[in-house]
Amino acid sequence: MSVPGPWYLALAAMLFTIGAVGLLIRRNVLVMFMCIELMLNAVNLTFVTYARLLDDIGGQSIVFFVLVVAAAEVVVGLGIIVSIFRRRTDATADDVSLLKG
Amino acid sequence: MVEAVWLIPALPLLGFVVLLAFGRRLGDPRAGYVATAMMVGAFLVTLVVFAGLLGEDGEHRSVTQHLFSWIPSGGLRVEAGLLVDPLSVTMALFVTGVGALIHLYSIGYMHGDERYHQFFVYLNLFAFSMLVLVLADSFLLTFLGWEGVGACSYFLISFWFERPTAAVAGKKAFVTNRIGDFGFMLAMFLIFATFGTLQYTEVFGASEELREGTATAIALLLFLGAVGKSAQLPLYVWLPDAMEGPTPVSALIHAATMVTAGVFLMVRVNPILDLAPDALTLIAVVGAATALFAATIACAQNDIKKVLAYSTVSQLGYMFLAVGSGAYAAAIFHMVTHAFFKALLFLGAGSVIHGMHDEQDMKRMGGLKKWMPITSITFIVGWLAIAGVPPFAGFWSKDDILINAWEKSPALWLVGLVTALLTAYYMSRQVFLVFYGGERWRKAAQPESPAGAKVGPEHEPVAAAADGHGKPAAAAAAHGAHGDFKPHESPWVMALPLVVLAALAALGGLLNLPFSDYLHLEHWLEPVYGERIHHLTSGSGTKWALLLITTGAALAGIGIAYLIFLRHKVREAAVEPRVLQRAWYADELYRGTVEAPGRALSDGAAAFDRRVIDGAVNGIGALVRAGGSRLRTVQTGFVRNYALGVAGGAVAVLAYVLARSA
């Protein structure tokens with residue numbers, strides 16, 4: 001027996017919400033970054049679920065694109081974070097607000 | 001020989017180009033000699049063309065020389081060509097002849113000026129424009145010259161633009177002339193709409209079919225142009241102010257040539273005027289009114305050049321009176337003699353100003369006859385000529401005009417007669433004030449001393465002034481800015497033109513003697529107006545009576561001036577009322593009626609520009625700036641704020657989609 005589709009969707013929604021809320025309330029840049037990854041993968045899960053439910057390979061192939069983009073994003077994002085921490089040891093996201101209008 | 005006509009305007013143009021390129025290097029006085037040589041050359045070519053034209057029969061004395069296609073544009077082709085006929089050659093003869101003399105005179109007069117070469121650049125450009133004006137074969141090419149002389153007039157009036165009065169005078173002349181040019185342009189539009197061409201020969205060939213209304217409209221619009229250029233009422237105001245320019249300019253442009261362009265134009269378009277009798281009457285009335293009006297003002301001016309300026313306005317009025325009476329030959333005759341004697345008078349006045357070290361107030365002159373013999377003798381010839389004393393030139397031409405005016409209307413004749421008397425009076429006043437009487441400049445040289453004060457003890461005796469050397473230092477100092485002041489005669493380059501012009505002013509009447517069948521000028525000009533000229537109908541008795549009355553008026557004017565200014569029978573101030581000194585308050589009137597509303601209108605437009613147009617532009621700028629400064633607070637720099645915004649936005653979009661699909 002297999003788990004029915006809506007469960008997967010519910011799990012994905014919960015993961016996405018955790019990611020979104022975490023992004024909004026945490027100040028640690030690394031944690032915020034992980035939240036973004038959580039949200040991306042929640043979406044990936046949704047895609048895969050629908051691919052199975054609707055029997056459409058397109059959903060699965062989109063996931064590969066998302067994975068690639070996420071990997072690239074991780075590289076850039078981590079690069080930025082590392083360079084920020086090089087300048088100051090304990091930075092939060094709110095400390096980096098030089099571009100305010 | 002007539003084919004050489006293109007050289008006439010080309011030589012001054014060449015001079016203009018050469019002086020423009022090398023004038024500064026040529027310097028003072030060689031630039032002047034180059035310019036003068038060009039004018040003499042143009043005069044000689046004109047003589048050749050004149051001789052060539054004399055060789056033709058009467059009917060063939062109108063040759064058009066095609067130069068080039070000026071504006072080839074599809075169906076419209078405007079050709080540039082020169083029309084050689086008795087009228088244009090007559091004009092070209094005296095423009096180049098008098099012009100050459102005045103160029104020569106300028107060599108001496110402008111000596112030592114900072115912009116010496118530039119003066120001759122303008123002078124040659126003027127001569128070129130004037131010759132294009134008179135030799136053109138179409139209205140459009142005439143208009144080109146017309147605008148050219150206007151521009152040169154502007155340059156030369158404000159030649160000494162460091163003086164604010166000169167700059168203002170130039171501007172005044174330019175603006176006033178625009179009103180006339182506007183009339184000229186409208187006339188050209190109307191002519192082109194009616195005839196489809198602007199060539200003189202084609203227009204005049206087809207003018208028979210012109211309706212009277214159209215003819216009157218064209219004539220009046222062209223007359224408006226002439227009124228502006230020839231300084232007639234009510235657009236004469238620029239000419240007296242134009243005396244701010246150097247004196248040779250006043251002689252050449254504002255007496256002898258440019259201001260007669262209006263009269264020339266009227267004579268040129270006589271086939272159209274002939275169809276518009278109402279316009280002719282108006283021209284005669286305006287001319288007579290201007291003649292009298294300007295003559296009254298001239299009676300009370302103290303500036304030696306202002307008198308001559310108003311006199312010029314007045315004499316131009318005579319010419320228009322002649323045109324209005326249908327006496328085209330008389331108009332041209334007076335134009336030529338006037339060019340001789342008025343150029344002479346202006347150059348003489350320039351010589352006086354030169355000799356008096358830039359003094360122009362006649363009340364500070366007097367007794368100059370002894371000091372400036374050549375100037376005074378030639379000036380006296382000019383005076384007798386303009387006053388109308390027989391047998392000098394002005395007598396014949398003025399008499400010719402007055403007889404024609406008598407046959408047009410005795411009222412016009414009477415105005416002309418009074419003007420003749422006034423002319424004799426104010427010119428005599430000028431001669432007596434400048435060349436005769438006491439040597440008032442001895443007192444005037446001391447600026448502080450009130451007029452009529454006793455000669456102070458510090459003034460040297462006359463004998464000491466005569467030798468000019470070895471004067472006591474105290475006496476020299478008493479003369480203030482004038483230093484060792486002594487009027488002196490001018491150099492030969494200035495004296496020679498005076499002598500030549502004096503000879504012409506004395507003998508110019510021979511061009512067109514009445515009372516004989518030998519009417520040179522009238523017969524010579526016949527191809528221009530044919531049968532359209534007014535033929536005198538009066539008997540010889542009437543002619544003699546009018547002649548005697550005119551001569552009597554001239555002598556009476558001289559006599560009155562003699563009694564007042566040499567015998568002092570009447571106080572001078574009594575005959576120079578303030579209203580005449582201020583030229584009937586014409587400038588004040590114009591200031592009130594034209595300048596003040598114009599200024600108010602401009603102020604209004606400026607306020608509209610400042611408040612409404614600038615207001616709109618600045619308002620939009622202020623709006624964007626205010627909006628931006630509000631909006632920029634949104635950009636906090638906190639990444640989580642943006643994330644909240646993105647999340648909130650996504651939620652809102654989702655809610656909207658759900659609400660729609662529900």
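Hi everyone, let me start with one residue: setting aside neighbours within four places in sequence, B:Val352 is in contact with B:Ile304, B:Met365, B:Leu368, B:Met372, B:Thr375 and B:Val434. Contact here means that two C-beta atoms, placed from the backbone, lie within 7 Å. Before going on, some housekeeping: this is a predicted model, where local features need pLDDT of at least 70 and side-chain atom pairs count only at pLDDT 80 or more, while totals for chains, interfaces and linings use all residues. Residues are numbered from 1 along each chain as its sequence is written, and chains are lettered from A and ligands numbered from 1 in the order in which they are written.

Back to B:Val352, which lies in helix α14 of chain B. Helices are DSSP runs of H or I with at least four residues, strands are runs of E with at least two, and both are numbered from the N terminus. B:Val352 counts as buried because it has 26 C-beta neighbours inside 10 Å. The cut-offs: buried is 20 or more other C-beta atoms within 10 Å of a residue's own, exposed is 12 or fewer, and partly exposed is in between, with C-beta atoms placed from the backbone. There is also B:His488, 136 residues away along the chain from B:Val352, with 8.6 Å between the two C-alpha atoms.

Now the whole of chain B. It has 27 helices and two strands, and its C-alpha trace spans about 120 × 75 × 50 Å along the principal axes. Of its 662 residues, 50% count as buried. Take the contacts in chain B with a separation of 6 or more: 80% of them come from residues 24 or more positions apart.

Among the elements covering α9(B) are α2 (86-109), α3 (116-135) and α4 (139-157), along with α13 and α14 of chain B.

Helix α15 of chain B, residues 373-387, has 15 residues and reaches 21 Å from first to last C-alpha, close to the 21 Å expected at 1.5 Å a residue. That expected span is 1.5 Å times one less than the number of residues. Eleven of the 15 residues in α15(B) are buried, including B:Phe379, B:Trp383 and B:Ile386. The buried residues pack against α13, α14 (328-355), α16 (393-408), α17 (410-435), α21 (492-507) and α24 (540-565) of chain B. Following α15(B) comes B:Gly388, with a positive phi near 85°.

On to helix pairs. In chain B, the axes of α10 (residues 261-268) and α13 (residues 304-324) come within 10 Å and cross at roughly 5°. That makes α10(B) roughly parallel to α13(B). Axes are lines fitted to C-alpha atoms, for helices over the stretch in contact, and angles run from 0 to 180 degrees between N-to-C directions. Under 35 degrees is roughly parallel, over 145 roughly antiparallel, 65 to 115 roughly perpendicular, and the rest oblique. From α10(B), B:Val263, B:Met266 and B:Val267 meet B:Leu316, B:Met319, B:Phe320 and B:Val323 of α13(B). By class, that contact has seven nonpolar, no polar and no charged residues. Nonpolar covers Ala, Val, Leu, Ile, Met, Phe, Trp, Tyr, Cys and Pro, charged covers Asp, Glu, Lys and Arg, and the others, Gly among them, are polar.

What about the strands? Strand β1 of chain B (residues 63-73) lies largely in the open, because one of its eleven residues is buried. Nine bridges join β1(B) to β2(B), residues 76-84, and the two run antiparallel; strands pair if DSSP finds at least two bridges between them. B:His66 stands opposite B:Gly81, and B:Pro72 has B:Arg77 as its bridge partner. The hairpin has two residues between its strands, and there B:Gly74 takes a positive phi near 60°.

Last, the partner chain. Eleven residues of chain B are in contact with ten of chain A. The chain B side divides into five nonpolar, four polar and two charged. The axes of α1(A), residues 5-25, and α27(B), residues 639-661, come within 8 Å and cross at roughly 145°. There A:Ala20, A:Leu23 and A:Leu24 meet B:Arg640, B:Ala643, B:Leu644 and B:Ala647. Thanks, everyone!
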